[in-house]
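Hello,

Here is the structure I promised to pass on. Please have it open while you read, and my notes on what I found follow below.

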Amino acid sequence: MNLVLHLLLLTLLPPLMGGVIGRVRALVAGRRGPPLLQPYYELVKLAQKSAVISPTTSWVFLAGPVVGLTTALVAGLMLPLGAASAPLSFTGDLVAFAYLLGLGRFFTSAAALDTGSAFEGMGAAREATYSALIEPALLLGMMALVLSTGSTSLAALLGGGAPSPLSVAGAPLLLVGVSLFLVLLAENSRVPFDDPATHLELTMVHEVMVLDHSGPLLGLIQYGAWVKLTLFAAILVRLLLPLGWGPAWADWALLPVGVVVVAAGIGAIESSMARTRLLLVPRMLVSACLLSAFGLLLLAR
Amino acid sequence: MSDYLVLHNGEAAPQAQVPTLSYEALRDGLIAGVTAGCRVLALFATPMAGGHLLWLVLGCPTEGGFRLSRAAIAGDNYPSLTPAVPAVHLFERELAEQRGLVPEGHPWLKPVRFPGPRQGRGDRPQVGEMDFYRVGGDEVHEVAVGPVHAGIIEPGHFRFQCSGEQVLNLEISLGYAHRGVERSLVGGPTPRTLPVIETLAGDTTIAHTTAYALAIEGLTCTAAPPRAQAIRAVALELERLANHTGDLGALAEDVAFLPTASWCGRIRGDWLNLSAQICGSRFGRGLVLPGGVRFDLEPARAAAMGAKVAATFRDVQGATKLMWDTPGVMARFEETGHVSRERALEVGLVGPAARASGLSRDARVDFPWDLYRFEQLPLASCTRGDVFGRAWVRWLEVQRSAAFVQEQLAHPPEEGSLRRLPGPLPPDRVVVTVVEAWRGELCHVALTDSAGRFSTYKIADPSFHNWTGLSLALRGQQISDFPLCNKSFNLSYCGFDL
């Protein structure tokens with residue numbers, strides 16, 4: 001039962017985040033906006049199309065979207081999403097979590113380079129630069145969690161009846177929370193790091209890498225991106241909300257609500273901030289690393 | 001005899017009065033004029049027995065008029081003027097392409113519009129077939145954008161030479177929208193002439209038709225009635241308001257700042273609807289006629305429009321205030337796409353782009369026509385030269401144009417006729433007209449033949465001057481800032497390609 005609930009949440013919730021973000025952006029801009037379920041419709045639409053595949057590409061081009069989605073889903077099995085522990089849990093799985101996402105990113109970049117297009121190469125170069133800075137921020141944040149709870153498994157760190165880590169060590173983990181939110185924005189190419197809504201190839205980071213993918217392949221990429229965003233949002237929710245104290249059904253219900261709140265927060269940020277200059281993005285990522293490192297130092301002192 | 005003939009905006013003279021100089025004297029006159037603060041409005045050639053007649057039109061703000069001179073060029077080449085006066089570089093490339101008149105020693109002699117087989121030039125390269133400037137080295141990579149773009153915009157090709165994220169050089173290749181407008185106007189005016197002029201650049205309809213109307217009025221010595229002049233001026237400023245507002249919104253959109261972007265998009269529509277309230281067309285088609293205008297503004301409609309202008313201006317104020325007050329947006333605008341005053345002067349930028357670099361160039365002030373001779377609009381300028389400067393100048397002009405329109409709608413010249421019918425064109429005349437469109441000043445030069453028909457109709461759209469400015473603005477910038485720089489100039493492709 002718990003496994004079924006976990007899988008349902010993991011597979012069905014992600015596109016809703018896109019719907020919520022789009023809706024909030026529209027409301028702030030004074031527009032009515034697309035329906036909440038629009039991302040679902042789009043996935044269905046893309047699945048029904050045929051894909052155009054350039055003759056210059058190889059199997060890597062196909063592997064990019066597939067590996068990207070698979071790694072995100074497998075990583076999702078390691079996170080405790082509701083009242084129960086994670087379906088897939090072992091000692092040190094948080095490292096596996098981080099590098100599963102890294103693997104997905106590697107294959108997305110490789111698929112972009114595979115097309116041989118100048119745009120996509122540019123996007124891959126940017127993505128590689130950023131991920132080199134995102135990873136330390138993520139891992140330092142995870143280490144702070146490890147120090148506060150004494151476990152190296154995500155299931156033990158973040159849930160399954162354990163009290164919220166925030167109640168164990170509040171201030172340092174708040175720093176980590178902010179850092180993880182920055183990582184969430186950067187990793188999922190949101191404003192101010194990237195502009196997911198732009199049509200201007202030269203300014204894109206993530207979007208430019210998938211310009212040549214179409215039809216079901218594009219659908220896989222978009223779905224994978226929503227899954228990844230949901231994973232990060234779920235980590236934040238588990239970190240900040242006192243899950244595991246009430247009845248089990250409350251925990252299962254609280255997570256989607258928390259994820260929607262995070263999505264609304266992202267929408268609000270995107271509506272009120274301009275995108276930063278591309279050259280300044282690494283500085284913001286370094287500050288995310290520093291926040292995580294300070295959190296870690298405070299816990300280790 | 002003087003080295004040049006002085007004409008005022010919209011004033012016609014017999015062609016024989018324009019002094020014909022030696023090439024050297026023409027070149028010296030050009031250099032002396034530019035040194036004295038004149039700018040190049042047009043350089044073109046007409047055929048003559050055994051060679052070409054090279055016409056030069058300089059605009060001299062200090063004299064409030066234009067200096068016209070010409071020189072006979074024997075054969076099909078002459079020493080290039082560009083090394084001495086870079087502002088004529090594109091005019092010379094155009095001459096080489098249109099007339100086969102080769103400027104020897106031109107540093108950048110490349111095609112401009114690729115008039116291909118359609119114009120009976122089968123031996124010419126196809127559009128975009130060009131030796132692009134290349135930077136060597138393993139670190140350098142080349143990015144090609146266009147001619148098909150990811151938005152609903154016109155076609156143009158951009159070739160970047162990049163080292164990492166830094167742009168070393170940007171080369172722009174246009175001509176995809178070339179229609180042969182200048183050729184089609186020869187032999188006119190015909191009933192087709194006015195619609196062609198109206199669609200030279202769709203967003204600059206009022207400005208181009210006003211310049212054309214002024215040319216016909218100048219040639220036939222028929223001034224438009226005061227009421228018609230006021231309606232034209234209101235329409236021109238509404239065109240400026242709509243486009244500037246749209247540009248401010250587009251700039252916000254390019255830095256992903258949503259509120260201003262979506263509001264300005266909506267408000268631009270309000271300005272366009274005001275134009276439609278005058279003449280039924282959101283882009284002002286069918287309003288301006290040689291000799292006057294087609295539609296009147298009754299007091300009731302003028303009053304309703306006045307109230308709407310005030311309300312719309314308040315909306316722009318609110319939407320843009322949000323942008324000016326957001327540090328993240330300003331951080332993107334400031335120090336991006338800088339063009340120094342010297343560079344702007346050298347390549348002859350016009351319009352808000354020139355004023356943002358500290359040049360005082362505004363045809364409404366320098367060469368006033370119609371109503372602008374009596375109603376002064378203050379010149380908006382800024383010394384920043386970056387994207388912020390170009391945005392800020394637009395905002396200043398929005399404020400001033402809105403006040404001007406409100407003033408004109410509240411106190412229109414008294415009712416009377418709307419049009420004086422121009423007679424037939426006199427033979428062998430020349431007329432030069434300049435109008436400050438929202439992108440910058442545009443220049444029309446009309447020459448009539450012995451039968452009173454256009455023998456040459458030369459058009460210089462502001463985009464013709466400013467595309468080079470965009471290339472310069474990108475030097476040493478981040479390639480990811482290109483869309484922002486591009487939007488801050490917002491140049492026309494079809495206005496350039498003609």
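Let me begin with helix α15 of chain B, whose buried residues pack against α6 (226–254), α9 (327–333), α11 (351–356), α13 (387–410) and α14 (462–474) of chain B. Please keep in mind throughout that this is a predicted model. The α15 helix covers residues 482–489 and is mostly covered, with 8 of its 8 residues buried. Among them are B:F482, B:L484 and B:F489, but also B:N486, B:K487 and B:S488. Just after α15(B), B:N490 takes a positive phi of about 40°.

Now for chain B in general. It has 16 helices and 16 strands, and its C-alpha trace spans about 70 × 60 × 40 Å along the principal axes. A compact globule of 498 residues would have a radius of gyration near 23 Å, and the 22 Å of chain B agrees with that. Buried residues make up 55% of the chain. If you take the contacts in chain B between residues at least 6 apart in sequence, 68% of them join residues at least 24 apart.

The domain assignment of chain B gives domain 1 (5–115) and domain 2 (181–466). How far apart do the C-alpha centres of these two domains lie? The answer is 26 Å. Where they touch, 25 residues of domain 1 of chain B are in contact with 25 residues of domain 2 of chain B. On the domain 1 side, the elements giving two or more residues are β2 (12–14), β4 (39–48), β5 (51–60) and β6 (65–74) of chain B. Of these, β4(B) gives the most, with 6 residues. By class, that side of domain 1 has 17 nonpolar, 6 polar and 2 charged residues.

Strand β14 of chain B is worth a look too. All 9 of the 9 residues in this strand (429–437) are buried, so β14(B) is largely enclosed by the rest of the structure. Both of its faces are covered: B:R429, B:V431, B:T433, B:V435 and B:A437 lie on one side, and B:V430, B:V432, B:V434 and B:E436 on the other. As for its partners, β2(B) runs antiparallel to β14(B) and is joined to it by 3 bridges, with B:A13 opposite B:V430. Strand β15 (440–448) of chain B is also antiparallel to β14(B), through 8 bridges, and here B:E436 stands opposite B:E441. The two strands β14(B) and β15(B) form a hairpin with 2 residues between them.

Leaving aside its neighbours within four places in sequence, B:V432 is in contact with B:L7, B:L41, B:V57, B:F66, B:L68, B:C443 and B:V445. B:V432 is also listed with A:V183, A:A233, A:L236, B:L41 and B:V57 as having the most contacts inside the largest nonpolar core, which has 246 residues. The largest share of this core, 17 residues, comes from helix α10 (215–240) of chain A. Domain 1 and domain 2 of chain B both give residues to the core, so it lies between them.

Finally, the two chains: 25 residues of chain A are in contact with 26 residues of chain B. On the chain A side, α2 (14–28), α6 (118–149) and α11 (248–272) are the elements that give two or more residues. That side divides into 12 nonpolar, 6 polar and 7 charged residues.

Best wishes

Note on methods
Residues are numbered from 1 along each chain as its sequence is written. Chains are lettered from A and ligands numbered from 1 in the order in which they are written. This is a predicted model: local features need pLDDT of at least 70, side-chain atom pairs count only at pLDDT 80 or more; totals for chains, interfaces and linings use all residues. A nonpolar core is a set of buried Ala, Val, Leu, Ile, Met, Phe, Trp, Tyr and Cys residues joined through C-beta atoms within 7 Å. A residue is buried if 20 or more other C-beta atoms lie within 10 Å of its own, exposed if 12 or fewer, and partly exposed in between; C-beta atoms are placed from the backbone. Helices (H or I, at least four residues) and strands (E, at least two) are DSSP runs, numbered from the N terminus. Domain bounds come from an automatic or database domain assignment. Two residues are in contact if their C-beta atoms, placed from the backbone, lie within 7 Å. The radius of gyration is taken over C-alpha atoms; the globule rule is 2.2 Å times the number of residues to the power 0.38. Ala, Val, Leu, Ile, Met, Phe, Trp, Tyr, Cys and Pro count as nonpolar, Asp, Glu, Lys and Arg as charged, and the others, Gly among them, as polar. Two strands pair if DSSP finds at least two bridges between them.
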